[in-house]
Amino acid sequence: MDDYVIEMLHITKTFPGIKANDDITLQLRRGEIHALLGENGAGKSTLMSVLFGLYQPDSGEIHKDGKLVKINNPNDANALHIGMVHQHFKLVEVFSVLDNIILGAEDTKFGLLHKEEARKKVEMLSRRYNLMVDPDALVEDISVGMQQRVEILKMLYRDNEILILDEPTAVLTPQEIEELIQIMKGFAAEGKSILFITHKLNEIMAVADRCTVLRKGKYMGTVDIKDTTKEELSRMMVGRDVSFTVDKKASEPGETVLSVRNVTVPSKLHNNNAVKNVSFDVRAGEIVCLAGIEGNGQTEFVQALTGLEKTSGGSITLCGKDITHATIRKRALTGMSHVPEDRHKHGLVLDYTLEENMVLQRYFEPEFQKFGFIRKKKVRSYAQNLIERFDVRSGQGPLTIVRAMSGGNQQKAIVGREIDRGTSLLVAVQPTRGLDVGAIEYIHKQLVDVRDGGGAVLLVSLELEEVMSVSDRILVMYEGEIVGEFDPKQTTVQELGLYMAGARKQPQFADAAYIKKEGGDRQ
Amino acid sequence: MKRRILSGLNTILAALICVFIGLLLGFIILVVFSWSSLASKGDPYTFGKVIEQAWSLGFQRILLGGFYQLNWKIPPGNQALRSEIAKVAPLLLCGLSVGFAFKTGLFNIGAAGQYTIGAFGAYVFALVLGMPWWVCLIASMLFGAVWGAIPGFFKAYFNINEVITSIMFNWIGLYMANTIMYGNGSGVMYNALESKNWKLSIKNPGAIIPDLDVDSSIKFADKSTFVKAFTNPATIGVFIAIAVAIVVFIILNKTVFGYELKACGYSKTAAKYAGINEKRNIILSMAIAGALAGLGAGLYYLTGTEQWNPQENKALPAMGFDGISVALLASSNPIGTIFSAIFKSHIATGGPKMEKTLFPSEIADVISGAIIYLCAFMLLFKNKLAKLLGRLFLSGDAPKGGVK
Amino acid sequence: MEILALFIKFALLYGIVLMLVALGGMFSERSGIINIALEGIMVIGAMAGVVASIDLAGAGLFVKVAGSILAAGVAGMVYAFLLAFASVSLKADQTIGGTALNILATAIAMVIAKRVNSSTGKISDSARLVYSYEGFVYNIGGVTVNIFFIVGIVLLVLSYVILYKTRLGLRLRACGEHPQAADSLGINVYKMRYIGVLISGFLGGIGGLAYILPANPNWDFKYGIAGMGFLALAVMIFGQWKPFKIFFAAMFFAVFKSLADIADSIPLLSSLRWPKEIYNMMPFIASMIVLALTSGKSRAPKAEGIPYDKGQR
């Protein structure tokens, strides 16, 4: 008889139009690290939200220590010693670390908050599990890795025995991931049970005891890690064999399309520079990747490059024209297209129809307007063409309100729109975030096609696998500076990780005034 | 196509529900007042009597509006109807002003101030410069546009919420316009005898907007009903207002300019990404909204039916806020605004027709206030209705899977 | 000296009103709900307080004063409940809901005021209520002080303690900054937001009474509350959503506001013979300048204005 601490039996949860969980069973043993694997949209988060009391299942049962329980809200979950670290941290940024930890479980004396004992307990837990944080620091002032420690401390403070970690490694460097794995193993050794949500196979192989796989809301099975392989897991997750490499020829770089010199961008949140003295070139027919941990200036750099924010120094040249201070429209017309990082904030007008969004960068061209009036028929036929070519699926075709479309199809619409403009430079920021494997493969192929067609591509990505497989040249960014340049064929994820964490810096980047020689001598 | 019709029907139904609940509330208040007045007399009374009194001396008159005691034979038997028609123009334009701003993502709570400044502009051109009516109308538009552009400027360049700025400039505008018009009692525009601005008919009849009563060879009593209805204070201003509504509709839905404005309204960030100058558009949107409200004031005060009182400076003109209800009730659709403006004018005319000793005329304002409150969560009605309508009419042809 | 006393009288009068109402706004916005209905809440609170003071005129000073203040606060709360219901439970647009309540408030106040007048046998077609401020206003050493000064200071201190030193305050602030975080820790976001809005109704209602009762022997509800609620919103922003900063911001605005009342008594200003409107304009212009200057630093509660939907967490 197995010693199950939590059993979720035959859980079904339906949202309007989608069956997020369809008869899913998950059994968690005491003291094990159990991975929950699945693609984006496979239903992992929904299942965990059910366990944490955020959603009520339509049918199915949850057992704790063999007894049927009902979890109606996070308070119930907490009472059962279930805790969760969400993928997007749930921390109040303007509160102190201590306030965040005690929130919802505060002690009071005479009606007033009483924090002394809480402080002692937090300090004790920090020491015991090697999770050092300053309890009085404001959350907005500490690093992402530190914030994750606060989230873990929140669970420990509540004496949770079952710890749910939702995609905990997405924001960490390879070295930080290693530390987290040790911490997780320590918890398991103490008898705590860990549910670990991920879509990264390497981490599962490294840390988990068992793994439950979901695909499109359905239960695919549970396997012992020691009896399985990466390939088998990926087949269970995707339903077919997946190639981890992108087919492409060697690149044949042509003339320089984008030239960035000593660009500096001020930070919005702090009184320093988010991007410091960045210089590099991108040439026709190559994919250059800007790699780094989230929050190291990539976002700010791209916003300055595309004109969404202003630079405070340096120059940007596109196709031989100085665009350092050009408007966004001017940059677009000079030859830049942009798949933005945040498709909801920037890439789409969510309440416009699909066809209106398809001409978002072109509506003013004579093809689509006459005397200031929109030529609706032209817009319709153009949109229809793009929709077919890029396989954008939606409820009502060109008339679908974009908000109602799935994330993957929204992203395909943006990528299609930007690629079709046929500009000299394509800036793509995390173009595959949140997509399933099929869509990822498709978009990777599109990027390579642009390159083979003589376009220059600047890809910004946080996913090291993507960085390694798609790009022709890698630039690593750390704290707003470029600290290394690599050929993906001659480097390893581990080496990149050291640069991404700021532990190393190539000598030619140590000098801030470095300007890369024309032509790219590292090939 | 079927879906589009359903969605339009849905919006109209949701608005009608708001109106119905608002009216019902008004009727309940009338019944309470009616009951307490009968009870306080001490005479025996019945429930039927309570309802009857609330209906005949109150609610019926609200519903009849300008048609109450309408008599084409005896002028001014149709005065109430004409003033109801006259008020449609400013209500419609203030509604368009608020609705236009809504469509571009801004909440123009400043229509009251723009209306004030618009009226001021019209008076300056009419009473000081002696200009004809159409010049005065253009002036009212331009003055309103400037007053609308200011909050737009603060929003675009200082990122201050336009709601706060508009409110501040409502009061600044009111005090400023009043100070100049009053001129310490000796202002050129101010008529100390009547404690109001001068009547246009005395100082500059050419500034009065023409009406349809142009053919002086026919006796008034013999003229057509239509002409009788559109005689001052009802003027061609109403037609101008309706024409403006149609123009606004076309701009918003058919033009590149409208595409850009709405993109800014739906998502400022996405508009910026698309290379649209969102700062310029915010200022332009607010200027246009201001121009519409200003024109509304021009269309009303240039009928000469009512004079501005520059000593009235504790309250902003209600018209600006009525514009909010008119726009909300129409879901900001310019064509729908025409109908909601007519409705609003209708019940506002009906309010004071109630028996004053029994029912305060402000009950009509309570009704329209309640309607705006309901409009605030009209979306909820809409969603519920959409489900219901969908079940009734679309059960067969729901899209299956993805359609390319 | 007389001028100074007059100045202090008005500055305190307006300062306390603006502070009370801005504190109200603070509670609401700190919980995540933009309360643009403060103007309307003040009208309703003032109306209820005045009517109570008329009804309680014969019941002894203490009962009258306490009863009216309580009536104003409770009426404000009841009215604020409408805002909470629309914006928290029905997830309506908070600005539109608030605006609707502002418009509705004046109409309701007029209907009730006329009703009161007709039932007391006075002219029924006016919304002007006549009352006595006996018991509310005292003369201490030549300076006129009203009871709301004490009430205001007590409520200020209490607001600070509640917001920063209690469990309620911590949870309320969390809901205004990151409701998803609060929800994931088992805090009922809806409840917190209701509490925030209701507290703001209580303070706003008392603020409304404090504005019209001590300074005027009668009030025509046709005029609502003449923009004081909106000024209080500016005070709240200028005060950075923090109690003591709000206090100083309120006093700063009150100085401008009082100029209109005392300009005639100051020889220098009266010799300018500026119309009263210029002074009336000043607090509004001052608030625009202040807002423009401080806009860069403004730190509004991050989640304010966004309805919280449990389905979207």
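In this predicted model, 38 residues of chain B are in contact with 40 residues of chain C, contact meaning that the C-beta atoms of two residues, placed from the backbone, lie within 7 Å. Chains are lettered from A in the order in which they are written, and residues are numbered from 1 along each chain. Local features need pLDDT of at least 70 and side-chain atom pairs count only at pLDDT 80 or more, while totals for chains, interfaces and linings use all residues.

On the side of chain B that touches chain C, two or more residues come from each of α5 (133-158), α6 (162-182), α13 and α15 of chain B; helices here are DSSP runs of H or I, at least four residues, numbered from the N terminus. The largest share, 11 residues, belongs to α6(B). Sorted by class, this side has 26 nonpolar, eight polar and four charged residues (Ala, Val, Leu, Ile, Met, Phe, Trp, Tyr, Cys and Pro are nonpolar, Asp, Glu, Lys and Arg charged, and the others, Gly among them, polar).

Now for chain A: its contact with chain B takes 29 residues from chain A and 18 residues from chain B. On the chain B side, α10(B) gives the most, with five residues. The classes there come to 10 nonpolar, five polar and three charged residues.

Back inside chain B, the axes of α13 (residues 318-329) and α15 (residues 363-376) come within 9 Å and cross at roughly 50° (axes are lines fitted to C-alpha atoms over the stretch in contact, with angles from 0 to 180 degrees between N-to-C directions). B:Ile324 and B:Leu328 are among the α13(B) residues that meet α15(B), where the partners include B:Ile371 and B:Cys375.
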